[in-house]
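Here are my notes on the model, point by point. Have the coordinates open while you read.

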Amino acid sequence: MNLSIKNRLYLSFSVLVILFVINGVISTVIIKKNNKLSGHITQVMDPSIDKMYDFRKMILESKMYITNWVFLRADEQDRKKLVIIQQSEFPAFKVELEALLSQWKDKKNANDLRIVMANFSTLIEREKEIMNSLQSFSDYDDPITRLSAERTLEDEILPLADSSLGDLQVHLKEANLERAQYKSELGQSTVILRIMIFSLAVTILLLGVFLAVYMTKIITQPINKINDTIKGIARGIIRPLDPQNKKDEIGEMMVSVNELSENLLAKTLFAKEIGKRNFESRYFPLSHEDVLGHALLTMRDNLRNGEKELFKTHLQMQTFFRNIDEVFFSVNTKENKLLLISPACEKIYGYSETDFQENSNAWHEAVISEDRKNFDTGYQVLHSGKAFLQEYRIQHKDGSIRWVETKITPSLDKHGDLARIDGVTVDITQRKNAEITIKESENKYRSLFEKMVDGVYKSSNEGKFIEVNPALVKMLGFGSREELLAIDIKSQLYFEPGDRDAAVHQDKSDGLSVFRLRKKDGNEIWVEDRGHYITDEHGNILYHEGILRDVTERVKAEFQLQKSQKETADYRKALDQSLIVSITDQNGIIQYANENFCSITGYALDELAGQDHRIINSGYHSQEYMKTLWETIAKGNVWRGEMKNKSRDGTYFWVDATVVPFLDERGKPYQYLAMRVDVTERKEADEILKANNIELKKTNSELDKFVYSVSHDLRAPLSSMLGVVEISEEETTDPQLLEHFGLLKGSITKLDGFIHDILSYSRNSRLEVKKEEINFQEMLHDISNHLKYMSGNNRQIELKIHVTEGKPFVSDKSRINVVLNNLISNAIRYQNPSADHPFVDVKIDMSDTETDIIIRDNGIGISKENQQKIFDMFYRVSENSVGSGLGLYLVKEIVDKLDGKIKIESELGKGTSFWVNLPNNSINESLS
């Protein structure tokens, strides 16, 4: 560059001046920006965040008080606090927060926060409705009012409060992030300002060095001379230079040096004053071209302006440092010397900066004794170079206990020893108190959860319990909470899988359902479920929660009531359809009559109203009969009897009547209910029956005579005929005659047996049961001897007899003899010819109260279709059957006469068993 030395000097100084100007402009802009950021943080953001924390506390308190109002019949103090929040605290808070929100730069966040306040206003209105509905203890005793309040609380207020708290937490986080961003910008601006000032000083220094080196190289010798002259001046020697060429720049420079020498003292004094920061000292340059003089003046002015800006910045930083709520501190740990502490220490600890300077351990001594051990343990991590972060309690100078959070960053020396710590302490008392309040509230609700008599649950959408209270465990009959949590709800609690689907659908529709569940022991229980579903922001079901109440007794009562109502309706319908009903007052005046009454009497209901029952009086009954009726019902007793009445057309009808008096609280009849059954046909039938009975008695008498005649007049000739046949058999050997005699003998025997059966039947039906002690051994011995030749000459049948003796058996001996004879003879008669060892097994098993007779054979047996008919009169299995067909019919009639039972088991080709059970009349007589 072909610049003159003068121009080069001008350029260098111009660059220096420009640097000062740029620094001043940038410093001014940064300081202005810092002031604006600092003001926004302290005047808008910090108060807004404090208000938001207050708002959060207000929502929590409102939620707690309204819940206590509904579930715990909150005391008057809680009621007053809730009213204060609604009527004074929230309106005042809303105005203050709105004023701050209008200054927020993030308008979206501000509008969202306004929505939260609007939601809380809505919540307050719903709370007021509940408060108005639950004013007195009688309101709480009204199940509809209380259930409505509980449903409003659970379905609207609590979800809205939780949603507002969640939204508020998000806005708090965003506000804190915005404040942190502003603080970060403020710190960055401060750092930039410092860098600018430092850079300017370094630039001036480097530029001066550069100019010195540069000028030395360009004009070495002139400069050396000037240098010698300047050194002389530095030693106090002023040597004027002899410029060789006064017109060139060197010469001019020498002249300038000479002029400078002359005014050196003035310049030195001026420079000294500037060095002392005495920017008000006066100095006049040598001339307008005195660059150094003007540069000194410019430097003086720039330094003066810079000093003012630095001082202003220092004051602002000092104001910020003194006004922040956090305590910043630095400690030289080697010398245990407090290097720095912010004024907020007096607000948090109650001790001033001077107190901490005088006692560097004051901040440690303030830690309460209960927390000091944990604090000291955590503090030891600083020696390893790790940061320290802990919450603990301190004792304020005024004696109060506060919670603080301290974060300390260590600095280690080159040997790894702790040399210095820098930290910040924040007062978190309000936050900790809120946490304690929340925890106490949670404990209170947990206690309520554990002690509720109703079952409380939380379940997943997959059908598993997430949480249950002890009342639910007990209600469902499980041994422990863990056992209940392990079950599958759908398969183990519901009787049918569809029951749970119906209950889920009901819960989704109105939140209240009644259904049945299966207890652990399998028994049924009816429950009322007040539940609802909790969903995420997308509407997906997270879980279901609710309260189960055992309403088994109520449901049973409702079922019983419905059944009773239906039965009552059925009874009334049945009465109206089958009975003749009328109702009268205490004087007998008819107040009501059903259709049957009107139909049988021929009178309309309006004709009967106001009348008494004399309107249908037939005159058949005596006055004494009617008097007895009225005396009975007047005493409050029920009267029953038959009445003959007369209808409107003069016809008579009979009724079986029951008159029931209805009594008042004094036990006096105020109304009579008369129920009648038309028994006209029965009465007429009774008349006919009386006539028939007379005729029947006459017929029975004649029949008895006939039976007697048969038993004597017929059996005697038959016996004679049988004797003649037997004699004839002995007097001839003609085979043909013997065959004819055998046929004749069989017919006579068969006819005699039939007459004997008829006689036995007649005697059984006519004669009373005769009671006498029975010896089964003797009776069976006689029967055995009588029937031993019954099988003929074909083969012998084994007759087995087993008698188990017990208490003496009393019954009708002749009738039992008939039963045994018939059953044993049938067993012998119908033996199976193909059986190897035919037998008849008779077993008598006697006890104190009864006797079992079992007769079993291995004969031809009886088919299934014939077993139900063998006890019918004259029934015979086939044409080949012998006998009259009366034997088993007579056996059945005798067993029934003796109050016994008989049954048969038989199989074709294998045999038959008869079982007869008879009561012991000796026991019956002793009991009577």
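1. In which strand is the place of Thr406? Thr406 belongs to β4, residues 401–412 (strands are DSSP runs of E, at least two residues; helices are runs of H or I, at least four residues; both are numbered from the N terminus). Before going on, note that this is a predicted model, where local features need pLDDT of at least 70, side-chain atom pairs count only at pLDDT 80 or more, and totals for chains, interfaces and linings use all residues. Residues are numbered from 1 along each chain as its sequence is written, and side-chain values use heavy atoms, with hydrogens and water left out.

2. Thr406 counts as buried because its relative accessibility is 1% (buried is under 20% relative accessible area, exposed over 50%, partly exposed in between, with a 1.4 Å probe and protein chains only). Its side chain makes a polar contact with the side chain of Thr425 at 3.0 Å (a pair of N or O atoms within 3.5 Å; within protein, one must be able to donate a hydrogen and the other to accept it, and residues adjacent in sequence count only if both atoms are side-chain atoms). Leaving aside neighbours within four places in sequence, the contacts of Thr406 include Phe329, Tyr392 and Val424 (heavy atoms within 4.5 Å).

3. Now the backbone. Asn336 is not a glycine, yet its phi is positive, near 50 degrees; this residue sits in the loop between β1 (327–332) and β2 (337–341). Asp899 also has a positive phi, about 60 degrees, without being a glycine, and is found in the loop between α28 (887–897) and β21 (901–907). Asn336 is partly exposed at 36% relative accessibility, whereas Asp899 is exposed at 65%.

4. Then there's an open antiparallel sheet of five strands, ordered β7-β6-β10-β9-β8 (two strands pair if DSSP finds at least two bridges between them). Its edge strands, each pairing on one side only, are β7 (465–468) and β8 (512–518). Seven bridges join β8 to β9 (524–535), and Ser513 has Asp529 in β9 as its bridge partner.

5. Last, the aromatics: there are 18 aromatic pairs (rings of Phe, Tyr and Trp, the last by its six-membered ring, with centres within 6.5 Å; planes under 30 degrees apart are stacked, over 60 edge-to-face, the rest tilted). Tyr349 and Phe356 are edge-to-face, because their planes are at 75 degrees, with the centres 5.4 Å apart. Tyr349 is buried at 2% relative accessibility, and Phe356 is buried at 1%. Ring pairs also link Phe55, Phe90, Phe93 and Phe120 into a cluster.
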